[in-house]
Amino acid sequence: FQQFVAPVSHLLTFFTAGLLCSVAFSRASRITLLAALVSYAFATEALQYLVPGRTPEWPDMLQNLLGLTVGTALGWFLRRRTRSFDEMKPSLGSPQ
């Protein structure tokens, strides 16, 4: 059971972080946002050296990065779709 829960929790946690950050910080450059999120993912693994009984692991890091990648890409896609829809709104209600 633990072998299933740990990878899924890494994926979902970082998917959510990537999605929310990419939507909330839409004005930040993509490079800046990615650098911050990747740094956060590395830091959460690296700080495990300081926690007794915990060690950073590469599979966890890869799951973190995969979750960030998918979440961030989805957030950017949704922002783009929403922005496109918002730009069409005035023309939908104007008389022809």
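Where does Leu47 lie? Leu47 sits in the loop between α2 and α3 (58-93).

## Getting oriented

This is a predicted model, in which local features need pLDDT of at least 70, side-chain atom pairs count only at pLDDT 80 or more, and totals for chains, interfaces and linings use all residues. Residues are numbered from 1 along each chain as its sequence is written, and side-chain values use heavy atoms, with hydrogens and water left out.

The protein chain has 3 helices and 0 strands, and from the N terminus its elements run α-α-α. Helices (H or I, at least four residues) and strands (E, at least two) are DSSP runs, numbered from the N terminus.

## The chain as a whole

Of the 96 residues in the protein chain, 22% are buried; buried means under 20% relative accessible area, exposed over 50%, and partly exposed in between (1.4 Å probe, protein chains only). The accessible surface of the protein chain is about 7200 Å², and carbon and sulfur atoms hold 68% of that. Accessible areas come from the Shrake-Rupley method with a 1.4 Å probe; for residues, only the protein chains shown count as cover.

Among contacts (heavy atoms within 4.5 Å) in the protein chain with a separation of 6 or more, 70% join residues 24 or more positions apart.

## The nonpolar core

The largest nonpolar core brings together 8 residues: Phe14, Ala17, Leu33, Leu37, Ala41, Met61, Leu68 and Trp76. The elements that give two or more residues to this core are α1 (2-24), α2 and α3. Such a core is a set of buried Ala, Val, Leu, Ile, Met, Phe, Trp, Tyr and Cys residues joined through side-chain atoms within 4.5 Å.

Take Leu33, one of the core residues. Beyond its neighbours within four places in sequence, Leu33 is in contact with Cys21, Ser22, Phe25 and Trp76.

Now for two acidic residues. Glu45 belongs to helix α2 (residues 30-46). Glu45 is buried yet has no salt bridge, and the nearest side chain of opposite charge, Arg54, is 6.0 Å away. A salt bridge needs a side-chain nitrogen of Lys or Arg within 4 Å of a carboxyl oxygen of Asp or Glu; for charge, Lys and Arg count as positive and Asp and Glu as negative, while His and the chain ends are not counted.

Leaving out residues up to four places away in sequence, Glu45 touches His10, Pro56, Glu57, Asp60, Met61 and Asn64. Glu57 itself is found in the loop between α2 and α3, and counts as partly exposed because its relative accessibility is 42%.
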